[in-house]
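Please keep the sequence and the coordinates open while reading.

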Amino acid sequence: MHSDTKGFGTLDVVDLFTSIPHELGLMWFEEMLLTCKEISHNDFRTILVLMEVVLKNNFLFFEGEYYRQVRGVAMGAHCAPTYANIIMAYWENKFTLTPVYSNKWTLYCRFLDDLCFLWKGTKDEFDLFVDYINETTNFLKFTKSFNEYEVNYLDVNIVKLEKKFVSRVHRKNTFSNTYLHYTSSHPLYQKKSVLKGQMVRICRMTSDDTSFMEVCSILRTMFLDRGYPEKMFDEICHEVCESRTDRFAPILGKSTYETIVNRADVTTNNEFCSGISTIYDGQAGLVRKIIDKEWKNFAKVSDLSHIFDKEIKYIYKKGKTIKCLLERGSNNKFFEKNRKKKNGVFKCGACSYCMYLKTGESFCLKARNKTLTVKSFVNCNTNGIIYIALCTECDAFYIGKSERKIKQRIYEYLYDIKTARETNSLFKHTQICKEATFEFFVLEVVPTDPRGGMWETLVEYRELYWQMVLEANKYPGINDLISLKPVLKLRSAKL
């Protein structure tokens with residue numbers, strides 16, 4: 001393998017999770033399920049239906065609106081990695097593991113959307129191969145890298161020397177020392193596990209002893225910076241180093257088949273084990289002492305006396321952190337209960353119509369010598385509103401309403417002015433005031449009725465109210481004649 005390898009090639013799929021089309025993805029998913037002979041027909045149909053439900057019913061809540069994902073799989077879904085992996089498995093079987101190119105590498109491996117090749121062809125042949133796989137589908141696109149002497153793949157760096165390969169841990173440029181801090185409210189055994197897990201990782205992944213000691217020194221500095229005692233680090237480091245020739249032998253270069261087999265030969269103990277699952281907090285130690293002290297007393301009042309001579313296992317779940325209490329989210333009851341949005345008109349900051357909003361909680365309408373104040377939180381995405389359009393060049397104003405978002409109504413006004421729609425009041429004003437532009441302020445938000453009702457009529461009624469209060473049909477107001485139809489509609493509904 002060493003003599004045949006002329007270079008290392010790596011590929012990475014661009015945005016795998018969000019790029020898979022639903023229909024094609026489900027078809028490939030179904031074909032891969034058909035290869036699993038142990039799956040019953042009922043399980044097969046159930047898996048397909050549930051997968052389609054997950055793909056086609058993923059919703060996102062943003063800026064007060066719900067959006068449905070129409071392409072790809074949600075990255076937060078539990079089944080997303082498995083689904084994406086199955087799609088990639090189908091793709092590689094159909095397009096990659098073919099006789100045309102499979103003789104060009106000595107080793108091929110893939111972890112989800114990261115591919116690595118020990119390439120025995122030339123770099124030009126690798127480039128042709130990448131061009132080929134980029135044309136296999138219209139949704140899978142790959143970025144590539146090729147090096148004759150070394151490769152960074154996932155979290156390992158592999159270097160080709162004169163007669164062998166050597167490996168060590170690879171950390172990206174964006175890596176930061178965010179290991180669990182020693183003062184964090186976690187059980188001591190978890191902190192030791194974090195430390196030992198990292199030690200075992202570098203021991204297994206670093207094939208050269210000199211490099212291993214260098215990485216140990218770096219790791220020591222990192223954990224000491226996170227508050228870990230020197231004594232704890234040194235004891236765990238010594239334990240791992242003693243097992244570097246057997247249990248924790250490097251994967252590359254020193255492990256043997258027998259070592260791997262012996263490591264996997266673990267007997268399973270099916271004997272009942274008493275366990276208590278609880279949330280870890282500052283009182284967890286006290287609770288544990290009380291339970292240990294009173295444990296045997298429970299045997300006297302229980303028919304489970306045969307288990308009370310067993311050792312108790314404590315399983316701690318993560319408790320609520322400050323982040324959990326304060327993070328923004330629609331499902332965070334604590335935050336929603338204590339959050340109070342400030343009244344006023346605000347820009348959403350995500351659309352091209354923010355520039356037309358007059359922001360603030362209130363303003364003075366000089367033409368009527370009135371201070372107008374909005375008593376709700378309003379931005380470009382608020383609907384069911386009564387608004388006032390103000391000319392920036394003179395005192396003219398217009399009162400209107402919209403059941404839809406204010407930004408949609410602004411768009412319609414701009415379009416009517418651009419297309420010279422003669423029935424539009426704002427366009428007619430621009431023919432008189434040539435330099436006129438408009439800004440919009442929301443006077444009132446009409447809340448929707450969860451039970452339905454005549455909400456649209458109520459919006460019209462509140463529009464009429466403001467038109468009459470501000471005399472919008474009298475100069476410098478530019479509304480046409482005021483209609484009393486909303487009053488009649490509401491009266492007839494009550495009758």
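Which residues does leucine 357 touch, not counting residues up to four places away in sequence? The model is a predicted one, and in it leucine 357 touches Val345, Phe346, Lys347, Asn379, Cys380, Ile406, Ile410 and Phe440, with residues up to four places away in sequence left out of the count. Leucine 357 itself is found in the loop between β12 (344-345) and β13 (362-365), and with a relative accessibility of 5% this leucine counts as buried. One of the residues it touches is Phe346; phenylalanine 346 and leucine 357 are 11 residues apart in sequence, and their C-alpha atoms are 7.7 Å apart in space.

**Salt bridges**

| Pair | N to O distance | Relative accessibility |
|---|---|---|
| Glutamate 23 and lysine 56 | 2.8 Å | glutamate 23: 53%; lysine 56: 23% |
| Arginine 110 and glutamate 92 | 2.9 Å | glutamate 92: 11% |
| Aspartate 209 and arginine 244 | 3.0 Å | aspartate 209: 39%; arginine 244: 7% |

The side chains of glutamate 23 and lysine 56 meet in a salt bridge at 2.8 Å, N to O. Because glutamate 23 lies in helix α2 (residues 22-34) and lysine 56 in helix α3 (residues 41-56), this pair ties together parts that are 33 residues apart in sequence. Glutamate 23 is exposed, with a relative accessible area of 53%, whereas lysine 56 is partly exposed at 23%. The pair also belongs to a network of salt bridges in which Glu23, Glu52 and Lys56 are linked.

A salt bridge likewise joins the side chains of arginine 110 and glutamate 92, at 2.9 Å from N to O. Here arginine 110 comes from strand β4 (residues 105-111) and glutamate 92 from helix α4 (residues 80-96), so parts 18 residues apart in sequence are tied together. Glutamate 92 counts as buried because its relative accessibility is 11%, and the limit for that class is under 20%.

In the pair formed by aspartate 209 and arginine 244, the closest N and O atoms are 3.0 Å apart. Distant parts of the chain are linked by this pair, since aspartate 209 belongs to helix α8 (residues 209-225) and arginine 244 to the loop between α9 (230-242) and α10 (257-264), 35 residues apart. Aspartate 209 counts as partly exposed at 39% relative accessibility, while arginine 244 is buried, with a relative accessible area of 7%.

**A helix and a hairpin**

Helix α7 (residues 188-205) has 18 residues, which at 1.5 Å a residue should span 26 Å, and its end C-alpha atoms are 26 Å apart, in agreement with that expectation. The buried residues of α7 are Lys191, Leu195, Gln198, Met199, Val200, Ile202, Cys203, Arg204 and Met205.

Strand β7 (residues 150-153) has a covered face made up of Val151 and Tyr153, and an uncovered one made up of Glu150 and Asn152. The strand runs antiparallel to β8 (residues 156-160), and four bridges join the two; glutamate 150 stands opposite valine 159 in β8. Together β7 and β8 form a hairpin with two residues between them, and leucine 154 in the turn has a positive phi of about 55°.

**The second largest pocket**

About 480 Å³ of space lies in the second largest pocket. Its lining consists of 26 residues, of which Tyr398, Lys401, Glu463, Gln467 and Asn479 are the closest to its centre. At least two lining residues are supplied by each of β17 (397-402), α14 (406-418), α15 (425-432), α16 (455-469) and α17 (485-494).

**Backbone geometry**

Most residues other than glycine have a negative phi, and most peptide bonds are trans. The peptide bond from tyrosine 475 to proline 476, however, is cis, with omega near 5°, and proline 476 is found in the loop between α16 and α17. Leucine 112, in the loop between β4 and β5 (114-119), has a positive phi, near 55°. Asparagine 369 also has a positive phi, near 55°; this asparagine is found in the loop between β13 and β14 (370-373) and counts as exposed at 67% relative accessibility.

Note on methods: Residues are numbered from 1 along each chain as its sequence is written. This is a predicted model: local features need pLDDT of at least 70, side-chain atom pairs count only at pLDDT 80 or more; totals for chains, interfaces and linings use all residues. Side-chain values use heavy atoms; hydrogens and water are left out. A salt bridge is a side-chain nitrogen of Lys or Arg within 4 Å of a carboxyl oxygen of Asp or Glu. Buried means under 20% relative accessible area, exposed over 50%, partly exposed in between (1.4 Å probe, protein chains only). Contact means heavy atoms within 4.5 Å. The expected span of a helix is 1.5 Å times one less than its number of residues. Two strands pair if DSSP finds at least two bridges between them. On a 1 Å grid over the protein atoms alone, a cavity is a set of points where a 1.4 Å probe fits but cannot get out, and a pocket is an open set with protein on both sides within 12 Å along at least five of seven lines; lining residues have an atom within 4 Å of a point. Grid points are joined across faces, edges and corners, and a volume is the space filled by probe spheres set on the points.
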